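The following exercises ask the reader to work through a structure step by step. Each task is followed by a worked solution.

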Amino acid sequence: MGGAVAADVTAAQGARPARGRRRGAPGVVELGLLSLGGFAAFFGLWFVVARSGVVPARFLPAPGVVAATFFHLTHDPFAGYTLQQHLLSSIGRFLMGFALAAAAGVPLGLLMGWFRWLDDVVSPVFEGFRFIAPIAWVPFAALWFGTGIGGPILIIFSGAFPPCVINAQRGARLIEPHLIEAARSLGAGHCRMFAEVLVPGALPSIVAGLRISAGLAWQSLVGAELIVVSSGVGYLMVQGQSNLATPIVMSGMIAIGIVGFLIDVALRAAEARIRRGWAGA
Amino acid sequence: MGRSMSQISFQSVSRVFRRGSEEILAVADVSLEVADREFVAIVGPSGCGKTTLLRMAAGLDFPSSGSVLVGAREVAEPGPDRAVVFQQFALFPWKTVRENIGFGLKCRGVPAAQRNAAVDRYIEMMGLQGHENAYPHQLSGGMQQRVAIARSYALEPEVLLMDEPFGALDAQTRIEMQEELIRLARVNPRTVLFITHAVEEAVYLADRVAVMTRRPGRLAEIIDVAPVRRAEAWEERPIEEVMDLGSFTHLRTRIWKMLRDEREAKAEAPRVTPLQRRKAGP
Ligand SMILES: Nc1ncnc2c1ncn2[C@@H]1O[C@H](COP(=O)(O)OP(=O)(O)OP(=O)(O)O)[C@@H](O)[C@H]1O
Ligand SMILES: [Mg+2]
């Protein structure tokens, strides 16, 4: 009985890359312990190096000092706002830029996947722009938008846009041709083909793209904030730097890491959910 | 609507596939007429071009030479007037059984209430009750195939193009589906082009059985079953009784032999026939 069920599960997973447990791979508890071990080693090393005095405290503050500063920043405003307020303003920008990139990139990618001529027109230009790092847009962002909301959004957009396009295009291209043929035989017009075949068929790939895109958006954002705005975590770090307050800079880095991690976890969960819904693994 | 006119017409149809520098002649000069409300089955060895023929009638593939007409018009694109049951089911994995079956009607703009009633009817006909809200991957192969069949039936098309539609069914369900198809054909006759590997199925269902040769696929012979069926009233009898009739077994054996001769005539190296063995001897 148990054997039969297990066999069914593997069959249902079909061609998708085996994500199952490898032999001897750790379970949830072991994984938790291993991660904790990693963190402990990291902070231990940091603590020892900082404490030994090999590196001056100005260059590498001790973990305890950073933790205290972090806590402090959550209720004492620095550079105009508390850490939460800075974060909130960063997240707002992130959401705007990311949403814009997704709203423009996913449909464009789907259309490119569907109409080969559009792919031929867009791809060369796109492939060129794709390799320009988001931060390279900073001069133009400042020039065109000054300190307005447009600047950071442009920068985030340039980071978040490519994965949206690429994954939507690939997802649309890789839909089982039989499904498209079946839909055409059943009388589906262009709109219905898009809404009911192309989008759902490409969705797993689209969501994977959105996850990559969100990560890049968050990274690009902090880069943007270092330069063109007057609030946000990036701004907090720049201000910390000019005050030679390394614990503040590090607190900013930690906040960025935590939020980025949370964004990734949320989108990973969404991705897993969609994959489960689709192929029943 | 011209009842006497042929509904599907293959006129000297050839189809060449290109694979790299290689040219594969999949279908060679096939001419076949399927009359309005006629049921024609095509049998032939694997890879002889049966699916290719059906796809050309569906408008999913096009002849390299010759022409394919459906209802006197050259086939230019797929459409719901010619419902296809695909060999690989082609169910939408993100749609439930109900949504899959109703998709064609939805495309046609049938209002939800009416659509649901029709879907319910076909769900019951196909014995899919209790699985309305399941997704295809949650069904067995046979059930998926029944959903695919229901999806085409629901359109009530002029022309049904079925590519081994009962291939994944167990023997019992298969017989039920065959009887159901015969019953449907009597209540509401349609033009059907039906591909199968099962000779008995072809003889039981079809008015005419077209036998194809190995690749390049040509028409070897067309066997007229309809006169015998009508004379002996096969429709009125249970399937097992029909399959025991002398006339039935005679037709079946004739087609079997044709297919076997076909296979032996052009058997490839590993399948050594007595004749070849003699030739290969010292
Ligand atoms: N798109 C294609 N490109 C190249 N070759 C093709 C293509 N489609 C079919 N063929 C070739 O044409 C021949 C006929 O294929 P087809 O699918 O029509 O066979 P079939 O009679 O339906 O076989 P089966 O009974 O196994 O389903 C095969 O040799 C196949 O390899
Ligand atoms: Mg086939």
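How much area do chain A and chain B bury between them, and what share of it is on carbon and sulfur atoms?

**Conventions.** This is a predicted model, in which local features need pLDDT of at least 70, side-chain atom pairs count only at pLDDT 80 or more, and totals for chains, interfaces and linings use all residues. Residues are numbered from 1 along each chain as its sequence is written, chains are lettered from A and ligands numbered from 1 in the order in which they are written, and side-chain values use heavy atoms, with hydrogens and water left out.

**Exercise 1. Describe the interface.**

*Solution.* Step one is the area: chain A and chain B bury about 1900 Å² between them, with 65% of it on carbon and sulfur atoms. Buried area is the accessible area (1.4 Å probe) that two parts lose on being put together, summed over both.

Step two is the contacts, meaning heavy atoms within 4.5 Å. Here 19 residues of chain A touch 21 residues of chain B.

Step three is the charged pairs. There are three salt bridges between the chains, each a side-chain nitrogen of Lys or Arg within 4 Å of a carboxyl oxygen of Asp or Glu. A salt bridge joins A:Glu181 and B:Arg55, at 2.7 Å from N to O.

Step four is the elements, where helices (H or I, at least four residues) and strands (E, at least two) are DSSP runs, numbered from the N terminus. On the side of chain A that touches chain B, two or more residues each come from helix H8 (177–185), helix H9 (190–228) and helix H11 (246–279) of chain A. H8(A) gives the most, with seven residues.

**Exercise 2. Locate B:Ala90 and state whether it is buried or exposed.**

*Solution.* B:Ala90 belongs to the loop between E6 and H2 of chain B. Its relative accessibility is 4%, so B:Ala90 counts as buried (under 20% is buried, over 50% exposed, partly exposed in between; 1.4 Å probe, protein chains only). Beyond its neighbours within four places in sequence, B:Ala90 contacts A:His178, A:Leu179, A:Ala182 and B:Arg151.

**Exercise 3. Which protein atoms are donors of the magnesium ion (ligand 2)?**

*Solution.* Donors are N, O and S atoms within 2.8 Å of the metal (3.2 Å for Na, K and Ca); water is not among the atoms, so sites may look incomplete. The protein donors are B:Thr51 (OG1) and B:Gln87 (OE1), 1.9 to 2.4 Å from the ion. Because B:Thr51 lies in helix H1 (residues 50–58) and B:Gln87 in the loop between strand E6 (82–85) and helix H2 (97–108) of chain B, the pair ties together parts 36 residues apart in sequence. B:Thr51 is partly exposed at 28% relative accessible area, and B:Gln87 is partly exposed at 33%.
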